[in-house]
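Subject: A structure for you to look at

Hello,

I am handing a structure over to you with this email. Please open it and keep it beside you while you read what I found.

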Amino acid sequence: MPYDSVVCVKQVPDTANVTADAMKDDGTVNRASLPAIFNPEDLHALETALEVRDRFGGTVTALSMGPPKAAEVLRECLYRGVDRAILLTDRRAAASDTLATSFILSQAIRTIGRYDLVFCGRQAIDGDTAQVGPQCAEKLGIPQVTYLEEFLAANGEVARIRRNVGHGWEIVETRLPALITVLETANEPRPPSARSVMRFKRARVEAELAAEAQAAMPEASDAERRAEVARRAEVLRNRGLLMEQWDLDRIGADLSRCGLSGSPTKVYRVQSIVLTKEGFTAVPATEEGVRSLIHELVTDRTLG
Amino acid sequence: MIMIEPNRQGEVWVYAEQEDGSLHDVALELCGKARQLADQLGVQAAAVLPGSNVAGLAQKLIAHGADRVYLVDDPQLSHYQTGSYARVMCALVRKHRPQIVMYGATPLGRDLAPRIASEIRAGMTADCTDLQIQDVTDPRTKTLHEKLLLQIRPAFGGNIIATIVNYDWWPQMATVREGVMPLLDPDSSRVGEVIREAAEIDQASLALKLIERHVESRKVNLKGARVIVAGGAGVGSRENFRQIYELAGVVGGAVGASRAAVDCGYIGKDHQVGQTGTTVRPALYIACGISGAIQHRAGMEESAKIIAINEDSQAPIFSIANYGIVGDLKKVIPMLIKAIRARQ
């Protein structure tokens, strides 16, 4: 029997490869200089969804929440064969913590309507919280299966999954629909298909068209630009290249549960860690020397 | 379900993670932390213990600092699954309104805690490495909030340290990394109260069926370790490696080894760091009696900070170390252990 899947994907700064170029003079990280990438584990979630479609039939819808630039990861999804791509972008969603984010994503998934499986990467490399998947599952009122390593089988309303439990594995059966979070050990994501790249490289969301019109027609009036965006959007729509762009109104989200007002946790303080290796310090092999070393490591939070 | 108001008399809670009848170390570490936070707040510390046939574990939680244990003993809880355990926790949080709930940032804790947070619409901070109580003024409203829980965690790939608070939207909940809170010696003379709570577990919360399970006794987790204490040939014997374990225990770190130490039979291959072993990038790597061959360095030079201890001042390990101690391990390691214990 065919299964319809939704895959949640996120564009993230490449925190794993912080190089000297990304350092400011004071030794802290310049986030803006980091390349934006497809969150690694989300690629494995996408691959799992595509494999399920290959085996059982059905559809795969990619869903991303982020600024207009996040449309880049949705194009990557189209290059790998998803049937539908939706960008949820809205300034009112900014500053959402995991609770507000999962509320918004769950509303978007409800709006998509029919689904048997929701796949997410276990966690995103910018926050490393691993919370949005389980929280989405709760908001949708469906079971969650975290840390998938292998999608073993599906039969009617039941799927069988092998999950990693840290010091071993277990095989569980879940009723469907269910939300599954995927580890990077699950599979080898397929590369983009050359044919799909040729076909979808011009795919855009409207917000991108607006930014392109702004750059191409700096002298034009707002009305002229709007007309140009509408014209381009129509051309793309007719060719199946206009990706869907949703805002919070489109998904009927209660605004008090989105953004800052929907977020119980607030960032109170952020300290950058100086990444450059300081020069070598010779520590005398004495009680005093060792004590001051430990004091230094506690002060700079190397030791908890 | 509307959000829960702050309850300043609320207890400090620990989720007591157990598996097959034995408590996870992190639950005991958190009992000690809960004791400390509860004393600062002038409230009680409690542990919540769901499971089947787990009553015998309650005293251990008390010995590690809990004043009270909420015991939920039910055959339906014999195997962990998210739905049923979340149902139990949510019911107890609503009933007793704790001000703080801590969970170990284990695979299980990171599966369970966000589900609970979502259901009761509370905040949740993942993977904390420190928790403190402090008065905080909200910069937006200028309101002073007394005795908030500062939830301190690395973020952005470990490149920043963020401090998270919940101003007026409680309970304050966090998962805490294993090994960052010291495991205190148990005090078996401590007296606490065990309160049995009934579980209301409906079929809807038991959506998963366990088919097969294969777990090994806890394997060496070098990849996930924030601190690694590694020994090389210079440690000298299997017996001497105990010192390495002891230091790792005190800093809440994992034990690593160079290939030379493994080849000498001082320690198992699971612990090997380097080109043919595991590649690691912890916050702190303490290399004890490791000369620092290129194959070893390749597996650990990305560590944020490196301390090298070696008798040979010319050892190549010093070329990549941030701190170098030239000296005898048998003398230096006890000094380190003493200094670390002293600051706790």
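Before the first finding, one term: a residue counts as buried if 20 or more other C-beta atoms lie within 10 Å of its own. Please also keep in mind that this is a predicted model.

**Helix α5 of chain B**

With that term in hand, have a look at helix α5 of chain B, residues 241-251. Which of its residues are buried? They are F241(B), Q243(B), I244(B), L247(B), A248(B), V250(B) and V251(B). The cover over these buried residues includes three strands of chain B, β14 (227-231), β15 (254-257) and β16 (284-288), and also the helix α8 (329-343) of chain B.

**Where the two chains meet**

The helix α8(B) that helps to cover α5(B) also packs against a helix of chain A, namely α8(A), residues 287-299. Two packed helices are described by the angle between their axes and the distance between the axes. Here the angle is about 50 degrees and the axes are 9 Å apart. Because of that angle, α8(A) is oblique to α8(B). The crossing of α8(A) and α8(B) is right-handed.

Which residues meet there? From α8(A) they are E287(A), V290(A), R291(A), I294(A) and V298(A), and from α8(B) they are V332(B), M335(B), L336(B), A339(B), I340(B) and R343(B). Sorted by class, this contact has eight nonpolar residues, three charged ones and no polar ones.

**Chain A as a whole**

Chain A has eight helices and 13 strands. The C-alpha trace of chain A spans about 75 × 60 × 45 Å along its principal axes. Of the 304 residues in chain A, 47% are buried. If you take the contacts in chain A with a separation of 6 or more, 71% are between residues 24 or more positions apart.

**Some backbone details**

Most residues other than glycine have a negative phi, and most peptide bonds are trans.

- The peptide bond from L176(A) to P177(A) is cis, with omega near 0 degrees. You will find P177(A) in the loop between β9 (168-175) and β10 (178-182) of chain A.
- In chain B, W170(B) and P171(B) are joined by a cis peptide bond, with omega about 0 degrees. The loop that holds P171(B) runs between β10 (160-165) and β11 (172-176) of chain B.
- N53(B) is not a glycine, yet its phi is positive, about 60 degrees. N53(B) sits in the loop between β4 (45-51) and α2 (58-63) of chain B. Is N53(B) buried or exposed? N53(B) counts as exposed, because it has 12 C-beta neighbours inside 10 Å.
- K142(B), also a residue other than glycine, has a positive phi near 60 degrees. Look for K142(B) in the loop between β8 (130-137) and β9 (144-155) of chain B. K142(B) has 7 other C-beta atoms within 10 Å, so it is exposed.

Chain B has a mean pLDDT of 91, and 97% of its residues reach 70 or more. For the complex, the predictor gives an ipTM of 0.88 and a pTM of 0.81.

Enjoy looking around!

Best wishes

Key
Residues are numbered from 1 along each chain as its sequence is written. Chains are lettered from A and ligands numbered from 1 in the order in which they are written. This is a predicted model: local features need pLDDT of at least 70, side-chain atom pairs count only at pLDDT 80 or more; totals for chains, interfaces and linings use all residues. Helices (H or I, at least four residues) and strands (E, at least two) are DSSP runs, numbered from the N terminus. Two residues are in contact if their C-beta atoms, placed from the backbone, lie within 7 Å. pLDDT is the predictor's confidence in each residue, from 0 to 100. Axes are lines fitted to C-alpha atoms, for helices over the stretch in contact, and angles run from 0 to 180 degrees between N-to-C directions. Angles under 35 degrees count as roughly parallel, over 145 as roughly antiparallel, 65 to 115 as roughly perpendicular and the rest as oblique. A crossing is left-handed if the near helix is turned anticlockwise from the far one by less than a right angle, and right-handed if clockwise. Ala, Val, Leu, Ile, Met, Phe, Trp, Tyr, Cys and Pro count as nonpolar, Asp, Glu, Lys and Arg as charged, and the others, Gly among them, as polar.
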